[in-house]
Amino acid sequence: MFTEHRAVAPLRVLLVLLFGVLVMFQTFSLPGQFAYMAEQSPELAYLRWPMTAVSVFWVLCVQVVIVATWKLLTMVKNDRIFSEASLAWVDAILWAIAAAWIVLVGVLLYVGFKSDDPGLPLLLFLMSIGVAVLGLLMVVMRALLRQATTLRTDMEAVI
């Protein structure tokens with residue numbers, strides 16, 4: 001556990017930095033970028049608010065993952081990771097990934113049917129596969145956490 005405890009503090013620093021940058025993206029960068037896009041390409045101005053909303057939603061999903069990871073790190077630090085409470089935070093990560101994936105697939109379908117150039121649909125397809133892999137990996141990790149929690153509980157009952 002010594003190595004895990006040494007990794008918790010730097011990971012928390014990086015999570016705080018990431019969360020702060022994401023808040024700036026949500027409030028300034030993304031709305032500003034899509035406002036600029038609407039000014040530069042008036043024929044695409046109707047996409048300003050939907051693209052802003054979708055982008056902010058995706059950032060929110062990442063923020064949920066960050067908060068849940070923070071809580072799981074606290075459980076690792078306190079040697080309580082193998083408990084039923086940790087499964088709730090892993091479920092929060094899974095739901096955030098699932099929500100982001102569903103919206104991503106919706107955007108892929110919308111863009112795929114409207115696009116003349118295959119570049120953006122292929123990029124969105126690649127992202128959809130990546131997010132799906134991440135979600136399925138979290139399902140496997142959740143199953144492993146459940147098994148380890150059950151084994152630890154059984155072992156504590158024997159002792």
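Trainee: By class, what residues does the lining of the largest pocket have?

Mentor: There are 16 nonpolar, one polar and one charged. Nonpolar here is Ala, Val, Leu, Ile, Met, Phe, Trp, Tyr, Cys and Pro; charged is Asp, Glu, Lys and Arg; the others, Gly among them, are polar. Keep in mind that this is a predicted model: local features need pLDDT of at least 70, side-chain atom pairs pLDDT 80 or more, while totals for chains, interfaces and linings use all residues. Numbering runs from 1 along each chain as its sequence is written, and side-chain values use heavy atoms, without hydrogens and water.

Trainee: What counts as a pocket?

Mentor: On a 1 Å grid over the protein atoms alone, it is an open set of points where a 1.4 Å probe fits, with protein on both sides within 12 Å along at least five of seven lines. Lining residues have an atom within 4 Å of a point.

Trainee: Which residues lie nearest the centre of the largest one?

Mentor: Met51, Val107, Val111, Leu120 and Leu124, out of 18 lining residues. Helices H1 (2-40), H2 (48-77), H3 (84-114) and H4 (119-158) each give two or more. Helices are DSSP runs (H or I, at least four residues), numbered from the N terminus. H2 gives the most, five residues.

Trainee: Switching to the second largest pocket, which residues lie nearest its centre?

Mentor: Leu72, Val76, Ile81, Met141 and Leu145, with 17 residues in the lining. H1, H2 and H4 each give two or more.
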